[in-house]
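Hello,

Here is the structure we talked about. Please have a look, then read my notes below.

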Amino acid sequence: MTLGAAGVVVAVVPAVTVGPTSAATTVTPAAAAHLTLVLDGRTYVIPADAQLLVASGALDLSLFEAGATSAWRDLTEPDPAVGGVGLGSRRMRSGAHVRPRESPPSATAVGITVRYLDRAGRPTATAYSMLRNVDDPSVFAFVVPEPDGTGRATLPAGRYLMESTVDTPRPGRADPAVSVTVNPLLSVDRATDLVVDARAARPVSVTVPDRAAAGVGALAAFRRTVTGGQVRSVYGSPDVTALFTLHDGPTTPPADFESAVGVLFARLPVVYATGWRRDGAFFTGFRQRVAESDLSTVRARFDTVAPGRAAVRSYGIALSSGAAAQSLGIDSLPADRIERYAGNARWATVLTEYAAGTEFADAVTQEQTPTAYAPGRTYAERWNATPYWPAPRVTRDGSRLFARFAMFSDASGIREGTGSTSHAQVDLYRDGVLVGTASQLDGAAFPFVAGRHTLTATAERSWTPIAARTTATWTFTTAAPGTLSLPSIRFTTAGPRTLQVHAMGGVPLRSLTVDASYDGGRTWHPATLTAGSAILPRDPGGSPVSLRTRATDRTGATVDQTTINAYVAN
């Protein structure tokens, strides 16, 4: 059993090989579970080994804001009595001082006692609960049972989201039964005694028509709206017969709570991804026999930009924010898969390619916009195809400007591509004066003052000649808070000399120029623009082509983007 949460969260399960050795598929485990809180527009990611320290107030939540340094590790040390990297595996260093979290005003401390029973009705210590205050989600507590199966905690009186899990050994099975209980609204206003009884949870059971397909894993997940943001969790098991779920307590308004269940199967090169979601309540078990008529088919091609590459393919059930996913490895690229989908879920799928035989060195990740596949339909998808293009995501609130750049987005137009760089830099100018510089492309933040802004993002990478350097500069005048619609130019190849031109950003263009270079950007040659296409001045043969574009949209926002060695023709 593992609890995790993130923008895309992976159900953590032990490595499992499916299919013949020559085309092995591996479920990819994460190093440790994380708890993600999204509050007032800020994201906090708390590793499992720090969660008890944050819950107790020993570590301040601000130490875990996305993009922050890992300074919290300097304040802590491994706890030899626990070991590993899981819940409670670190303790405060002697002499470490941090500002303790303040208790809520007028908070009354309340004791809570939880008794845990496994699926045989026996008291068990292989269980725990987490309670998160829905009115102040920075307040949360864990209940971890003693050997007699009873756990206790003290927390401020209030309204809580309570999630619990109980593991029950199964004779002859390597993996325990995982029973997950979720109460979206538990009122704690006095000393409270609770029982978490795994017997009340019902099985998640899904089958597919291909009886030879091996089960890869099952998951259950939820998202809960809380004051100032939301929280997400996912639970999983590598045994598709081992997951049990239960909704406890009241239902909630559909906008405040959603849940999902999913089971993954594979018989390579075919993968079966099944997923269902519902609003207002957690699943109390789920049973579905998937018929052939329930399945869609996606013929997926996974390209690569360098030799010696492997990949991880993630199949995420999209929630209104984030997704819950299970992953399969791909031993080498390029590769082809037949992916078959069933259920009412939209799919937030991801491909991460990396240098084979490494711990995700020189990685490139393509994240697809959540997509629904209709039963009986067949689709074709090509992943990681060049030319790449820079996709900006820039938002502002009253006092800050946030910028994220997917500088290696593939040619599909429905994916954002990020990756390892040897150099990255973001610069923001206002009315010609430098506001600030950042060295990260994912999550740069700057103070905001109204004016004419110039925002430049640069990404360089040395492990492949393709998209060796990408630079994009946007100029814009901000208006109301929210997400800015900034222009970018995407290309798709349509012949040896022809590129189709796609204006991204949602606002029609007022002007556009395209130049090509065949010598790594030393000299440039104008392309001829006609009917949505750019005709290159000559056939590049098998040489890399660099692209430079300048565009202005109807709002007056501009973009200058240059990609050295954007693609190799033919």
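S517 sits in strand β40, which covers residues 509-517. Keep in mind that this is a predicted model. S517 counts as buried because its relative accessibility is 0%, and the cut-off for buried is under 20%.

Its side chain has polar partners. One is the side chain of D519, in a polar contact at 2.7 Å. Another is the backbone nitrogen of G521, which lies 2.9 Å from a polar atom of the S517 side chain. Leaving aside neighbours within four places in sequence, S517 is in contact with R522, T523, W524, P544, V545 and S546.

Now the rings. The whole structure holds 15 aromatic pairs. Y315 and Y341 form a tilted one, with 6.4 Å centre to centre and 50° between the planes. This pair links distant parts of the chain: Y315 is in strand β23 and Y341 in strand β25, 26 residues apart. Y315 and Y341 are both buried.

Y388 and F408 make an edge-to-face pair, at 6.1 Å centre to centre and 65° between the planes. Here Y388 lies in the loop between β28 and β29, F408 lies in strand β30, and 20 residues separate them. Y388 is buried, at 4% relative accessible area. F408 is buried too, at 1%.

There is also a cluster. Ring pairs join Y315, Y341, W347, Y373 and Y379.

Last, look at W383. R313 lies over its face, 4.2 Å from the ring centre. R415 also lies over the face of W383, at 3.9 Å from the ring centre.

Best wishes

Notes: Residues are numbered from 1 along each chain as its sequence is written. This is a predicted model: local features need pLDDT of at least 70, side-chain atom pairs count only at pLDDT 80 or more; totals for chains, interfaces and linings use all residues. Side-chain values use heavy atoms; hydrogens and water are left out. Helices (H or I, at least four residues) and strands (E, at least two) are DSSP runs, numbered from the N terminus. Buried means under 20% relative accessible area, exposed over 50%, partly exposed in between (1.4 Å probe, protein chains only). A polar contact is a pair of N or O atoms within 3.5 Å; within protein, one must be able to donate a hydrogen and the other to accept it, and residues adjacent in sequence count only if both atoms are side-chain atoms. Contact means heavy atoms within 4.5 Å. Rings of Phe, Tyr and Trp (its six-membered ring) pair if their centres lie within 6.5 Å; planes under 30 degrees apart count as stacked, over 60 as edge-to-face and the rest as tilted. A charge sits over a ring if NZ of Lys or CZ of Arg is within 6 Å of the ring centre and within 35 degrees of the ring normal.
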